[in-house]
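This briefing goes through one structure topic by topic. Keep the sequence and the 3D view at hand while reading.

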Amino acid sequence: MEDILNRLDQKFYVQARYVQRPNLAFVTLKKNVAVQAITYLRDVEGFRHLVMISAVDYIEQNMFQLTYILHNYQLHSDIAVRVELDRENPVMDSLHHLWAAAQVYQREIKEMFGIDFPGSPRVDEPMILEGWDNIPPMRKEFDTKKYSEETYFPREGRASCDPVKIMEKKLYRVEAEVKYEIKRVVRDNRNKSADAN
Amino acid sequence: MKSKELSETIEINQQTPTKTILNPWQPFWAEQKEFDLKSGKYLKIWHGPQHPGVTGNMALELTLQGDVVVDCKTHVGYLHRGFEKLMERRKFIQCFPIVCRICVPEPDYNEYLFAAAVEELAGIQVPERGQWIRTLVLEMIRLASLTMGLGGQAGAFGLVPVGQWGVAHRDFILDLFEELTGGRIYHMYIIPGGVRQDFPDDEFPHRVELVLQKLEKLILDIEKLMFNNAVFKARTKGLGKIPAEWVELFGITGTNARAAGVPIDVRKDNPYLVYEQLDFEMILGSASDVYERSLLRKEEILNSINLIRQIFKKMPNKGEVRIKLPNVLHWKVPAGETYVRAETSRGEMGYYMVTDGSEYPRRVHVRGASYTHAMALLEQLAVGVSIADVAGLMVSLQTCPPEIER
């Protein structure tokens with residue numbers, strides 16, 4: 001594994017590497033050499049199985065990380081190629097010409113993270129979310145709880161079986177009122193400070 | 001057979017007007033076919049989202065010429081529940097009721113892989129008996145899934161009794177799961193550090209053995225009714241051939257790859273749990289059609305039965321099944337990234353987990369085997385197949401749509 005990483009480093013300059021276990025290594029490559037490096041790994045080093053493509057949202061560092069995991073059937077080992085993308089304009093070169101499976105992954109990432117892969121077939125077609133007009137849902141700033149509260153409403157006539165609620169209603173009315181009042185004040189203050197910011 | 005001849009003539013007709021494009025960025029799988037639907041030659045139908053045989057909802061948009069498929073597009077999204085996103089706001093132990101719902105027929109693989117990823121990142125060692133019980137659970141659920149899958153395969157070609165036998169015999173295995181874990185379909189039995197509890201009593205292996213004997217009898221019956229059936233043979237031999245060179249191109253794994261003669265098995269290549277100590281052979285085929293794949297799955301059932309017997313023979317009788325861990329709601333897993341994989345009945349399943357040292361996973365990506373089988377591969381395989389055989393072809397890839405959209 002070390003030899004392969006050294007050869008990869010000589011050819012494409014590995015920015016960072018770390019070996020998670022003897023048969024799995026992570027390497028970080030620059031965006032403009034990533035597709036070349038993956039082609040090299042596939043054709044020369046024998047990493048011929050594309051396990052998956054995935055994206056991770058690092059909102060604090062304002063970047064997306066794309067992870068390509070490649071598997072070598074002879075060595076039974078994996079190399080995960082990580083590519084860091086700018087979060088403002090996330091565009092990555094397509095891999096659809098290397099593996100037929102890649103276009104499906106790219107379609108999903110386009111939909112879920114908004115990372116574009118120009119040239120990938122059917123990449124703009126919705127795959128899972130038909131008629132979605134919000135921000136891509138797997139991004140960190142998309143709040144699932146807020147979205148579901150805004151979009152869906154509880155059915156009328158539904159009774160709660162939550163023991164906390166029942167106890168509050170039956171035994172601790174005053175305490176519950178105080179509790180919710182405090183919660184409301186705290187929330188209002190937070191909203192106010194958020195608006196001010 | 002007739003449909004195949006027809007499809008060949010159609011292909012010849014189509015090839016004459018178009019010229020071959022030799023563009024490396026436009027390989028055959030990236031071609032967009034366009035059909036003049038107004039000409040009256042073609043008919044577009046939706047096959048799905050409800051299907052006989054496939055566990056879950058998935059639609060095929062088929063373009064037909066006569067009764068032969070000339071174009072196929074897969075549509076998913078009927079089962080999307082955003083599990084990967086939901087996991088990002090749940091603590092590690094709270095993810096277990098979610099992950100097992102990713103694949104209904106084989107929930108334990110998801111639990112095992114999630115637990116294994118957490119264990120690897122946190123550096124937790126599982127006691128030996130815990131590992132053996134995990135292997136037992138995984139083999140039992142493989143057996144249940146394969147039995148039902150084989151029944152679904154037969155059902156898609158009109159042999160409904162086999163389907164009913166399959167589901168009934170799966171139920172016996174689910175009963176065993178109820179004894180062992182408390183749940184029938186979703187078990188939430190494998191947790192980081194081991195499994196939740198030991199066997200209910202000393203007689204448990206004996207009751208498993210009784211079910212295994214029932215299954216062996218069932219296989220004899222299935223052989224008579226399904227594999228020696230002239231109609232089944234005529235319809236499935238030569239249908240849905242996957243060339244061996246497609247295996248790497250389309251990321252095909254599991255029985256679908258082994259039926260094409262490509263020796264890939266995660267249990268052999270990257271042994272996890274105690275598979276190194278178990279004695280079994282990789283089952284390979286060559287014809288790579290629907291018949292071969294069903295035959296291979298039947299062999300896999302027998303292999304699983306053999307493995308379960310070996311596990312009971314070789315496993316230590318006493319010992320801890322789980323190590324003591326701190327309060328489950330306050331786990332903080334160190335920052336890191338990992339990818340763990342296991343061999344399900346459908347192929348390679350893997351979990352890619354990224355943690356950042358907090359109480360919540362930063363990102364969990366589930367690599368399901370059906371993902372590439374049903375999306376990229378099926379679109380190519382379905383071309384040239386008669387509409388009557390499309391359902392059988394789908395089942396023969398062992399598709400599990402919940403795994404595709406998570």
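What domains does the domain assignment of chain A give? The assignment gives domain 1, residues 2-153, and domain 2, residues 158-197. Everything below concerns a predicted model.

**Domains**

- In chain A, the centres of domain 1 and domain 2, taken over C-alpha atoms, are 43 Å apart.
- Chain B is assigned domain 1 (2-75) and domain 2 (83-405).
- Between the C-alpha centres of domain 1 and domain 2 of chain B the distance is 31 Å.
- Contacts between these two domains of chain B involve 24 residues of domain 1 and 26 residues of domain 2.
- On the domain 1 side of chain B, at least two residues each come from α1 (2-15), β2 (59-65) and β3 (68-75) of chain B.
- Of these elements, β3(B) gives the largest share of that side, with 7 residues.
- By residue type, the side of domain 1 of chain B that touches domain 2 of chain B has 11 nonpolar, 9 polar and 4 charged residues.

**Where the two chains meet**

- How many residues of chain B are in contact with chain A? There are 35, and they are in contact with 33 residues of chain A.
- Two or more residues of the chain B side come from each of α2 (83-87), α9 (246-249), β6 (336-343), β7 (348-355), β8 (361-367) and α13 (369-381) of chain B.
- The chain B side is made up of 16 nonpolar, 10 polar and 9 charged residues.

**The sheet β6-β7-β8 of chain B**

- In chain B, 3 strands make an open sheet, in the order β6-β7-β8, with antiparallel pairing.
- Why is one side of β6 and of β8 of chain B left without a neighbour in the sheet? Both strands stand at the edges and each has a single partner strand, so one side of each has no neighbour there.
- From one strand to the next, the twist averages 15°.
- The antiparallel strands β7(B) and β8(B) are joined by 6 bridges.
- Gly350(B) has Arg367(B), in β8(B), standing opposite.
- Helix α4 of chain B, residues 107-122, packs on this sheet and touches β6 and β7 of chain B. The direction of the helix makes about 145° with that of β6(B).
- As a general point, the strands of a sheet pair through backbone hydrogen bonds, either parallel or antiparallel.

**Helix α13 of chain B**

- Helix α13(B), which is among the elements on the chain B side that touches chain A, has a kink of about 25° centred on Met375(B).
- Is α13(B) mostly covered or mostly uncovered? The helix is mostly covered, with 11 of its 13 residues buried.
- Met375(B), where the kink is centred, is itself one of the buried residues. Others on the buried list include Tyr371(B), His373(B) and Leu381(B).

**His187 of chain B**

- His187(B) sits in the loop between α6 (160-181) and β4 (190-191) of chain B.
- Why does His187(B) count as buried? It has 22 other C-beta atoms within 10 Å, and a residue is buried if 20 or more lie within that distance.
- Beyond its neighbours within four places in sequence, His187(B) is in contact with Cys100(B), Pro107(B), Asp108(B), Phe177(B) and Thr181(B).
- Pro97(B) is 90 residues away from His187(B) in sequence, yet their C-alpha atoms are 8.7 Å apart in space.

Note on methods
Residues are numbered from 1 along each chain as its sequence is written. Chains are lettered from A and ligands numbered from 1 in the order in which they are written. This is a predicted model: local features need pLDDT of at least 70, side-chain atom pairs count only at pLDDT 80 or more; totals for chains, interfaces and linings use all residues. Two residues are in contact if their C-beta atoms, placed from the backbone, lie within 7 Å. Helices (H or I, at least four residues) and strands (E, at least two) are DSSP runs, numbered from the N terminus. Ala, Val, Leu, Ile, Met, Phe, Trp, Tyr, Cys and Pro count as nonpolar, Asp, Glu, Lys and Arg as charged, and the others, Gly among them, as polar. Domain bounds come from an automatic or database domain assignment. A residue is buried if 20 or more other C-beta atoms lie within 10 Å of its own, exposed if 12 or fewer, and partly exposed in between; C-beta atoms are placed from the backbone. The bend at a residue is the angle between axes fitted to the seven residues ending there and the seven starting there. Two strands pair if DSSP finds at least two bridges between them. Axes are lines fitted to C-alpha atoms, for helices over the stretch in contact, and angles run from 0 to 180 degrees between N-to-C directions.
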